[in-house]
Amino acid sequence: MSATKMYLLSVHMVEGQEPPSEETMQTMYADVDRFNQKLQADGAWVFAGGLLPADVATVVRTQPDGKVITTDGPFAETKEHLGGFWVVRAADLDAALALAAAGSKACQGPVEVRPFQDMPEQ
Amino acid sequence: MDRMDSMDRVDGVDDPSRDDERRAARRETEQVFREEYGRCVAALIRFLGDIDLAEEAVQEAFTVALEQWPLRGLPPKPGAWITTTARNRAVDRLRREASRHDRHRQAQRLLDATTATPEERAAEEGPVSDDRLRLLFTCCHPALAPAAQVALTLRLLGGLETAEIARAFLVPEATMAQRLVRAKRKIKEAGIPYRVPREAELPDRLKGVLDTVYLVFNEGWTASAGETLVREDLCAEALRLARVLVELMPDEPEAVGLLALLLLTHARRAARLRADGTLVLLTDQDRALWDRAEITEGQALVRACLRRGSPGPYQIQAAVNAAHSDDSLDERQRWEQVLALYDLQLRLAPTPVVALNRAVALAEVSGPEAGLAAIDALREPLSAYQPLHAARADLLRRLARDAEAASEYRAALELTANETERTFLEGRLAELG
């Protein structure tokens with residue numbers, strides 16, 4: 001009967017930042033993998049994934065007249081782009097923050113915690 | 001019942017002694033409001049699962065109280081009366097509005113709450129069952145900005161009006177209202193839990209709560225901007241909150257330390273300003289003006305918490321103030337004790353601010369030269385910290401290095417927004433010629 005909420009845990013990449021060494025990358029992959037397995041074992045896992053760099057993104061926009069415009073590049077003109085994310089279920093913000101702390105340790109970067117809108121009741 | 005009310009009212013109009021009674025009852029009601037508001041709101045939040053609804057219900061109950069108590073006198077347990085009345089009003093309202101979708105969940109929650117087994121309730125309430133503690137931890141959750149934590153704590157636990165909080169922090173009322181709305185929305189939407197943190201998280205989270213109460217006191221003690229130095233209402237509210245914390249968590253030495261620190265600091269309020277509103281330094285204060293009762297209570301608390309043998313920053317800070325107010329020691333002995341305490345704190349928490357405090361004590365024990373050398377080592381990390389410049393200016397002045405002292409007073413002035421402090425520093429600067 002414990003109600004849960006869904007949270008997006010997102011990891012941002014800063015453009016032009018020195019990429020980590022191969023060794024660091026390997027540790028990171030292994031740690032994230034272990035974290036993912038724990039999320040699944042604990043029933044917190046909804047979905048997760050890492051993204052390719054934002055410069056391969058494409059934006060599709062429907063205009064008021066119904067015409068579709070396709071443009072190259074990411075939507076936002078910023079240096080920080082979404083690099084990967086987890087969608088998790090947690091009892092409350094404290095539980096989500098604890099997951100984010102473990103995720104941040106695994107991916108060696110800051111993690112933003114953002115609640116999803118409540119789903120309409122079935 | 002209604003007829004009784006109106007009869008009483010008619011009786012009272014022609015009877016001046018009844019008017020006095022009513023005024024007294026009104027004052028008592030206001031007193032109850034100050035003392036019980038936080039406890040009532042905290043209980044209603046748990047019951048209703050919604051901060052706004054809880055505030056509305058409690059305010060409604062106090063409105064009823066203001067109508068009834070002056071006529072009938074205070075009930076035996078005013079706080080319990082308010083909580084029960086607020087609860088009944090909230091349930092009535094939710095019943096009336098149960099068909100509306102946004103109230104549906106609250107109605108369901110009420111139903112759940114009333115049908116929960118004692119075991120389910122115990123599991124939900126955890127080891128500490130006073131709702132004010134839950135509310136304090138929710139208001140001081142690290143996911144909320146510090147300014148929002150302070151505002152929420154004053155609003156929900158202190159019962160201060162939004163306008164009062166806005167005045168205390170010198171921001172427009174609309175800004176403060178928005179800050180409160182945003183914080184309450186975040187609690188609700190991000191799912192900040194309404195509970196006392198578990199054992200493992202408690203030390204960190206308790207520190208957050210203590211820091212918020214300290215921030216409230218400090219804002220009252222040295223208003224960060226504006227013409228008056230002290231806002232007594234904020235100091236009083238911080239003292240009240242610190243007392244609540246000690247009452248609810250008597251085994252937390254840092255909570256006791258915070259209360260002792262606030263009491264020992266607050267005890268000096270009458271000696272801190274001259275009649276013309278200018279600042280008097282600790283060493284120049286008339287000790288006869290200090291509040292003996294607060295000092296005695298604070299010193300007893302310091303002894304009690306230090307005996308537990310787990311010192312922390314608030315306990316040490318309290319012990320420093322206890323040493324300053326110890327009449328069995330002479331000036332030099334006091335400073336020696338203070339220096340030893342800062343040495344201890346520096347070992348526990350080696351921060352530049354602690355090192356600065358230690359340097360000031362060192363100057364009193366070993367002379368301004370030694371103090372200045374210690375402060376000089378901190379100039380870089382604390383270049384934007386007003387007390388560093390004020391302390392350095394004072395030592396340079398005592399060493400008759402007037403030109404350097406003047407430039408240091410000017411640096412301190414640039415970082416001072418409070419009028420009383422400005423006047424003090426400008427006075428010292430003028431004396432240098």
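User: Where does Ala400(B) lie, and what makes its phi worth a remark?

Analyst: Ala400(B) lies in the loop between α19 (386-398) and α20 of chain B, where helices (H or I, at least four residues) and strands (E, at least two) are DSSP runs, numbered from the N terminus. Most residues other than glycine have a negative phi. Ala400(B) is not a glycine, yet has a positive phi of about 60°. This is a predicted model, in which local features need pLDDT of at least 70 and side-chain atom pairs count only at pLDDT 80 or more, while totals for chains, interfaces and linings use all residues. Residues are numbered from 1 along each chain as its sequence is written, and chains are lettered from A and ligands numbered from 1 in the order in which they are written.

User: Why does Ala400(B) count as exposed?

Analyst: A residue is buried if 20 or more other C-beta atoms, placed from the backbone, lie within 10 Å of its own, exposed if 12 or fewer, and partly exposed in between. Ala400(B) has 9 C-beta neighbours inside 10 Å and therefore counts as exposed.

User: What makes Gln108(A) partly exposed, and where is its place?

Analyst: Gln108(A) has 14 other C-beta atoms within 10 Å and is therefore partly exposed. Its place is in the loop between α2 (93-107) and β6 (111-115) of chain A. Gln108(A), which is not a glycine, has a positive phi of about 55°.

User: Why is Leu136(B) called buried, and which residues is it in contact with?

Analyst: Leu136(B) has 30 other C-beta atoms within 10 Å and is therefore buried. This residue is found in helix α7 of chain B. Leaving aside neighbours within four places in sequence, Leu136(B) is in contact (C-beta atoms, placed from the backbone, within 7 Å) with Thr153(B), Leu157(B) and Val209(B). The C-alpha atoms of Leu136(B) and Gly38(B) are separated by 9.5 Å, although the two are 98 residues apart along the chain.

User: How do you know that the span of α12(B) agrees with its number of residues?

Analyst: The expected span is 1.5 Å times one less than the number of residues. Helix α12 (residues 232-248) of chain B has 17 residues and should span 24 Å; its end C-alpha atoms are 24 Å apart, so the two agree. Among its buried residues are Leu234(B), Cys235(B), Glu237(B) and Leu245(B). The buried residues of α12(B) pack against helices of chain B, including α7 (131-139) and α8 (146-157).

User: Why are α20(B) and α21(B) called roughly antiparallel?

Analyst: Angles run from 0 to 180 degrees between N-to-C directions, and axes are lines fitted to C-alpha atoms, for helices over the stretch in contact. Under 35 degrees counts as roughly parallel, over 145 as roughly antiparallel, 65 to 115 as roughly perpendicular and the rest as oblique. Helix α20 (residues 402-414) and helix α21 (residues 419-431) of chain B pack at about 165°, with axes 10 Å apart, and are therefore roughly antiparallel. The contact includes Tyr409(B) and Leu413(B) of α20(B) and Leu425(B) and Leu429(B) of α21(B). Its residues divide into six nonpolar, no polar and four charged; Ala, Val, Leu, Ile, Met, Phe, Trp, Tyr, Cys and Pro count as nonpolar, Asp, Glu, Lys and Arg as charged, and the others, Gly among them, as polar.

User: How many residues of chain B are in contact with chain A?

Analyst: Six residues of chain B are in contact with five of chain A. On the chain B side they divide into four nonpolar, one polar and one charged.

Terms used
Contact = placed C-beta atoms within 7 Å.
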